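Please read this briefing with the structure open beside you, and find each part in the picture as it is mentioned. The notes begin with the place where the chains meet and then turn to the chains themselves.

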Amino acid sequence: MNRNRMKETVLGGLIKNNPTFVLVLGTCPTIAMTTSLFQAFAMGVATTFVLIFSNLFVSLLRNVIPDKVRIPCYIVIISTFVTIVQMVMQKYLPDLYSTMQAFIALIVVNCIILARAESFASCNKPLYSVLDGVSMGLGFTGALCLIGIVREFFANGSFAGFAISGFPVMEGVGASAFGFIVFGCMMALFNFVIQKVNERKEKMKAASLPLSEGVVESSGEAAK
Amino acid sequence: MTAKVKSMLQCVLVLAAIALVSGLLLGAFHIITYVDPLQSAYDRFAEDTGKTFSKMTDDEGKSYENGLVSYYAVSDDGTTHAFVAEGSGGYGGNVQLYIYVTDAKIEKIIAGDNSETFLNKLDSANYYSNFIGKDVNSLDAFAADAVSGATKSSDAVRNAVDAVVQYYKENVAGGQS
């Protein structure tokens, strides 16, 4: 078990390859399910569950599934877990299910899940695939929640259903068009922060280089 | 047997095996999570109205041209008539509504189990207010204009309301409990 690789896999889904803010996958549920924090969180959890189990089974069956029928096989596996999520939600969370059911069914065609099955789980061991599912799912859930917080705050003047007094509600802000604007702004902010952090890391790395190495490099450049 | 046929057979077998295992898994989960629709309707009636419903007056329902009434019950105090109705023509299939009638007037309309993604648009447009408070005996469900951007969902809702109107006139004699 390679620790560095595990760390890379986990951080990849959360930050470096965040499915929403970096890979820009799953835009449909991102816009449709982020009108409130609670809905966004529920959608994220449902997608994470499907991601983890579809990744696990695709990875376990990667040497059995013939290349020609891999996509139908992935779809059958993914839709099985989506249906399980639907059944469980319908039984135990009927209120939430009644507001989200159309979008829960659409998880089957969520490109994050199919993309991870195709690009990661089909060529990696089960443990890494599960980790990838967890990190991608958490990255997706986190992104949805961030957008949900902003949209709910502006549209309803509340946080997680609790009204924040003194804040004027802006009618129409809950519409999809505003969702796209919030999504775009959050994406820009996320990538800006990541870029700044990376730049800072590189500067610190350069500053911590041994002096002799710096001299050799600069003299080498001068020679060129 | 040629290599091509072997490869085809392998594909079919693997896909069939995965589908079979998926089917068995879903079957098991269905047994665990099965929700009796009749019980679900009772619970929903009670939750939506705050009244008790101890028997289903009609658990077979009735179909109409573009809609149907699946269940009909009267509250134990006899004041509220509760309907589970469906209207055809929605974007994602039939639209299910829970419709409550008190004193021959539609008191409440609540969306049921649906795969319709545009119903939230109807909620935002306060579409159900076209029917709420109206006398069932004289209500023309189709008089309400469709909501722009959700015309199919509006059609399905109108069909469901119309089914309840027809059922009410035919089966709830005189339009009053």
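**Briefing: a predicted two-chain model**

In this predicted model, 20 residues of chain A are in contact with 20 residues of chain B. On the side of chain A that touches chain B, helices α4 (70-92) and α5 (94-105) of chain A each supply at least two residues, and α4(A) gives the largest share, which is eleven residues. Sorted by class, that side of chain A has 13 nonpolar, five polar and two charged residues.

**Chain A as a whole**

- Chain A holds nine helices and two strands, and when its elements are read from the N terminus on, they follow the order α-α-α-α-α-α-α-β-β-α-α.
- The C-alpha trace of chain A spans about 70 × 60 × 25 Å along its principal axes, and of the 224 residues of this chain, 35% count as buried.
- If we take the contacts in chain A between residues at least 6 apart in sequence, 77% of them join residues that are at least 24 apart.

**Two packed helices in chain A**

- Two packed helices are described by the angle between their axes and the distance between the axes.
- For helix α3 (residues 37-60) of chain A and helix α7 (residues 126-156) of chain A, the packing angle is about 165 degrees and the axes are 8 Å apart.
- Because angles over 145 degrees count as roughly antiparallel, α3(A) and α7(A) are roughly antiparallel to each other.
- The crossing in which α3(A) passes α7(A) is right-handed, and the contact between these two helices has, by class, 19 nonpolar, eleven polar and two charged residues.

**The buried residues of α5(A)**

- Which residues of α5(A) are buried? They are A:M100, A:Q101, A:F103 and A:I104.

**One residue of chain B**

- B:A41 has its place in helix α2 (residues 37-49) of chain B.
- Why does B:A41 count as buried? A residue is buried if 20 or more other C-beta atoms lie within 10 Å of its own, and B:A41 has 22 other C-beta atoms within 10 Å.
- Not counting residues up to four places away in sequence, B:A41 touches B:Y71 and B:V84.
- Although B:A41 and B:V84 are 43 residues apart along the chain, their C-alpha atoms are separated by 7.5 Å.

- For the complex, the predictor gives an ipTM of 0.76 and a pTM of 0.70.
- The mean pLDDT of chain A is 86, and 92% of its residues reach 70 or more, while chain B averages a pLDDT of 87, with 95% of the residues scoring at least 70.
- Among the elements of chain A, α3(A) has the highest mean pLDDT (94), whereas helix α9 (residues 211-223) of chain A has the lowest (49).
- Over residues 218-224 of chain A, pLDDT stays under 50, and for these residues the model has zero contacts beyond four places in sequence.

Terms used:
Residues numbered from 1 in each chain as written. Chains lettered and ligands numbered in written order. Predicted model: local features only at pLDDT ≥ 70, side-chain atom pairs only at ≥ 80, totals over all residues. Contact = placed C-beta atoms within 7 Å. Helix = DSSP H or I, 4+ residues; strand = E, 2+ residues; numbered from the N terminus. Nonpolar A, V, L, I, M, F, W, Y, C, P; charged D, E, K, R; others polar. Buried ≥ 20, exposed ≤ 12 C-beta atoms within 10 Å, placed from the backbone. Axes fitted to C-alpha atoms, helices over the stretch in contact; angles between N-to-C directions. Parallel < 35°, antiparallel > 145°, perpendicular 65-115°, else oblique. Left-handed = near helix turned anticlockwise from the far one by under 90°. pLDDT = per-residue confidence, 0-100.
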